[in-house]
Amino acid sequence: YDDLIDMPISRILPNETILSFLDRNAPHAGGSNMENKVETTFPDTAPEKTFQVSFSYLNDNDDEPIGKILIIENITNQKLAESAKGEFIAHVTHELLTPMTNIKSYNEMLMNDEVGDEELRTEFFNTINQEIDRLNDLIGNLLNISKIEMGNLVLNKGLVKSDALVEDCV
């Protein structure tokens with residue numbers, strides 16, 4: 001503690017992002033465009049972690065700055081969650097577009113009378129129906145995820161035919 005008192009922040013916390021952030025928000029910088037926070041890493045001590053840095057001025061009775069409170073918060077888990085959410089959305093988008101593309105293709109061929117064979121037409125209608133079922137399942141799963149996040153999912157516990165469950169999983 002005694003080694004840190006009255007030491008410049010650059011000696012205590014030699015991080016260019018933080019030092020630049022503090023300098024941009026110094027009283028001489030005008031203060032009208034003050035940033036609330038900045039994200040940074042500490043490559044030497046915590047290379048896999050992301051931190052959010054925020055600060056506030058300590059003012060005296062005349063409202064003159066006499067010091068700063070610097071808050072450094074580990075936001076690694078938040079960043080990982082944001083990244084996973086982005087990947088999830090990209091995956092869901094792809095999963096929704098695939099059956100929609102199939103439905104559109106089969107439907108256009110049927111509408112343009114490109115399929116003369118009645119057996120093939122029936123197969124096309126069945127494929128469209130299966131793709132619609134696939135979309136319904138995806139949307140149902142998304143609704144369940146939403147319910148889980150909101151804490152509204154109701155589980156209906158009961159007997160399950162394990163052979164049908166395993167077959168469906170396979």
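Trainee: Which residue is the bridge partner of S56 in β3?

Mentor: Strands of a sheet pair through backbone hydrogen bonds, either parallel or antiparallel. In this predicted model, S56 has I69 of β3 as its bridge partner. Strands here are DSSP runs of E with at least two residues, helices are runs of H or I with at least four residues, both numbered from the N terminus, and two strands pair if DSSP finds at least two bridges between them. Residues are numbered from 1 along each chain as its sequence is written. Local features need pLDDT of at least 70 and side-chain atom pairs pLDDT 80 or more, whereas totals for chains, interfaces and linings use all residues, and side-chain values use heavy atoms, with hydrogens and water left out.

Trainee: Over how many bridges do β2 and β3 pair, and in which sense?

Mentor: Strand β2 (residues 46-59) and strand β3 (residues 65-74) are antiparallel and pair over nine bridges. Five residues lie between the strands of this hairpin, where D63 takes a positive phi near 65 degrees.

Trainee: In which order do the three strands form the open sheet?

Mentor: The order is β1-β2-β3, with antiparallel pairing; β1 (37-42) and β3 are the edge strands, each pairing on one side only.

Trainee: Is N15 buried or exposed?

Mentor: N15 counts as buried because its relative accessibility is 7%, where buried means under 20% relative accessible area, exposed over 50% and partly exposed in between (1.4 Å probe, protein chains only). N15 sits in the loop between α1 (9-12) and α2 (16-24).
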